[in-house]
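Please read it alongside the sequence and the model.

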Amino acid sequence: MDSFRDTIPTVDTQGRRVWMYPRKPPTGKRAAKNAPNFFAWRTYLSWFLLAVLVFGPFIKIGGRPLLMMNILERKFSIFGIMFWPQDFPIFALAMITGFVMLVLFTAVYGRIFCGWVCPQTVLMEMVFRKIEYAIEGDAGEQKALNARPWDQEKITKKAIKHSIFFLISFIISNLLLGYIIGGDALIDLITSSPTQHAGGFFALLLFTLLFYGIFARFREQACTFICPYGRFQSVLLDENSLVVAYDNKRGEERARLVKGQTWEERLGIGKGDCVDCNLCVTVCPTGIDIRNGTQMECVNCCNCIDACNSVMERIKRPAGLIRHASINNIEKGEKFSITPRIKTYSILLGILMTALIALLVTRDHVNMDLLRVRGSWYQTQPDGRITNMFEGTFFNKTGTDLEGTLVLLYPEGDLTYTDQTLQLAAEEATRTIVVVSLKPESITGRETSMDIGLEVKGRIVDHVKTTFMAPETAVQRRR
Ligand code: SF4
Ligand code: SF4
């Protein structure tokens, strides 16, 4: 009975790819009037998400990018807040919080992320698929086009489609690069000749080919085989999770409509509301039959809901034969309830979010790192003083240039560095060599505890505890 779980619709028994030709989901006049049209809602949401994707690298908040993940320079901006490698604990906590949020969302609302906001689905279904429909027509016309010989019309349509696919893939690669290097740097790159940055241009072409391959050929296979989230959902979902579900109680026994038969007669002989039109299967981008139950391949796109609702309206039956429902709702008629599992995830999420907000609010805006210069332990000066050399790195995460001063907080001694003030450029890391000089009486052993502070605007904003190395002779001299 569960044999459909042994195979996937996109691969035949010989292991060959079965190309999917999903039909256009019903919209406009073809859509049901008495039920929401999820495809239209997804379209509106996709406009917003695509606008964010396109304009994201160029939108600035307080002069800083809305979103920038500059791995090369190790600078990150999220909603205009700059993060540095020193903020790794915040980043790690944000990742864990995001993961718990995704788990909670999946436990309650199923795989809603995939169908509504995942960039793969949004770009595939709302951009590439729509271009394909516009050039090659609906599923039937596409099949016919692929089956016919390579005549003038087929060559022209395929050439236009693939050229547009390649161009869009190139634009996506550029935009993703914009999220890495920032919008301004991207504009500089675009407006200069590719010969000035041949390596970067080559990398862009490689990513273009990757995206083109995914959207022109690989398609739904990315969700089925590559994305781990689809596999996770089987452990995240339970009988109370809202999923796209077929109401088998109402739909079975499925059977074609018989001319002249009334609904009373049909229901009287044990037939259900499903008229076995197969429309829900033909609109599914992953090719599954949702009437078999929740399956790993389902990306929650709701096309089958829209399709079935349009059928129900035509045959004058209530909408919702396929709908968002939990297994318990369909099998036992139970309403949605907050289960102990949801409560646990929610409490955990609440704790994580509180910790994250606390970390963000108390985050240092100016930091320092101090590392001993490699290979240098100590130097003995002619006057008997001992010196140690460090490399200091100072991070100004604010949007304003600052002036800092290094202060030796403990023990008593002298501290010199390149200039007497540190010019800390806005959103930059400044480096300088710091030399600490101690008299023998300040040295307590081969390793003396030391505390160096960074003073900005008369306030110690950060300090580093480290050790001062001294030779045995200096220690003995002190004794
Ligand atoms: S669209 Fe609705 S009526 Fe048609 S086969 Fe699917 S579930 Fe049955
Ligand atoms: S089963 Fe329905 S919701 Fe799931 S992928 Fe197919 S059409 Fe979309």
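Two strands pair if DSSP finds at least two bridges between them. Helices (H or I, at least four residues) and strands (E, at least two) are DSSP runs, numbered from the N terminus. The model is predicted: local features need pLDDT of at least 70, side-chain atom pairs count only at pLDDT 80 or more, and totals for chains, interfaces and linings use all residues. Residues are numbered from 1 along each chain as its sequence is written, while chains are lettered from A and ligands numbered from 1 in the order in which they are written.

**Sheets**

Strands of a sheet pair through backbone hydrogen bonds, either parallel or antiparallel. One open sheet here has three strands in the order β3-β4-β5, paired antiparallel. β3 (67-70) and β5 (81-83) are its edges; each has a single partner strand, so one side of each lacks a neighbour in the sheet. On average, neighbouring strands of this sheet are turned by 25 degrees against each other, direction ignored. The angles come from axes, which are lines fitted to C-alpha atoms, for helices over the stretch in contact; they run from 0 to 180 degrees between N-to-C directions. β3 and β4 (residues 75-78) run antiparallel and are joined by four bridges. In this pair, N70 stands opposite K75 in β4.

A second open sheet has four strands, ordered β13-β11-β15-β16, again with antiparallel pairing. Its edge strands are β13 (422-424) and β16, each pairing on one side only. The twist averages 35 degrees from one strand to the next. β15 (residues 447-456) and β16 (residues 459-469) pair in the antiparallel sense over 10 bridges. S449 stands opposite T467 in β16, and I452 stands opposite V464 in β16. β15 and β16 form a hairpin with two residues between them. K457, in the turn, has a positive phi of about 50 degrees.

**Helix contact**

How do α4 and α6 cross? The axes of α4 (residues 119-136) and α6 (residues 152-181) come within 10 Å and cross at roughly 160 degrees. That makes α4 roughly antiparallel to α6. Angles under 35 degrees count as roughly parallel, over 145 as roughly antiparallel, 65 to 115 as roughly perpendicular and the rest as oblique. The crossing of α4 past α6 is right-handed, that is, the near helix is turned clockwise from the far one by less than a right angle.

Contact requires C-beta atoms, placed from the backbone, within 7 Å. From α4, V127, F128, I131, E132, I135 and E136 meet K157, I160, K161, I164, F165 and I168 in α6. By class, this contact has eight nonpolar, no polar and four charged residues. Ala, Val, Leu, Ile, Met, Phe, Trp, Tyr, Cys and Pro count as nonpolar, Asp, Glu, Lys and Arg as charged, and the others, Gly among them, as polar.

**Ligand shells**

A residue is near a ligand if its C-beta atom, placed from the backbone, lies within 6 Å of it.

| Ligand | Surrounding residues | Closest |
|---|---|---|
| Ligand 1 | 16 residues | C274, C277, L279, C280 and C308 |
| Ligand 2 | 14 residues | C284, I290, C298, C301 and C304 |

The shell around ligand 1 has 11 nonpolar, two polar and three charged residues. Its largest share, three residues, comes from α14. The shell around ligand 2 divides into 11 nonpolar, three polar and no charged residues.

Conventions:
Contact = placed C-beta atoms within 7 Å.
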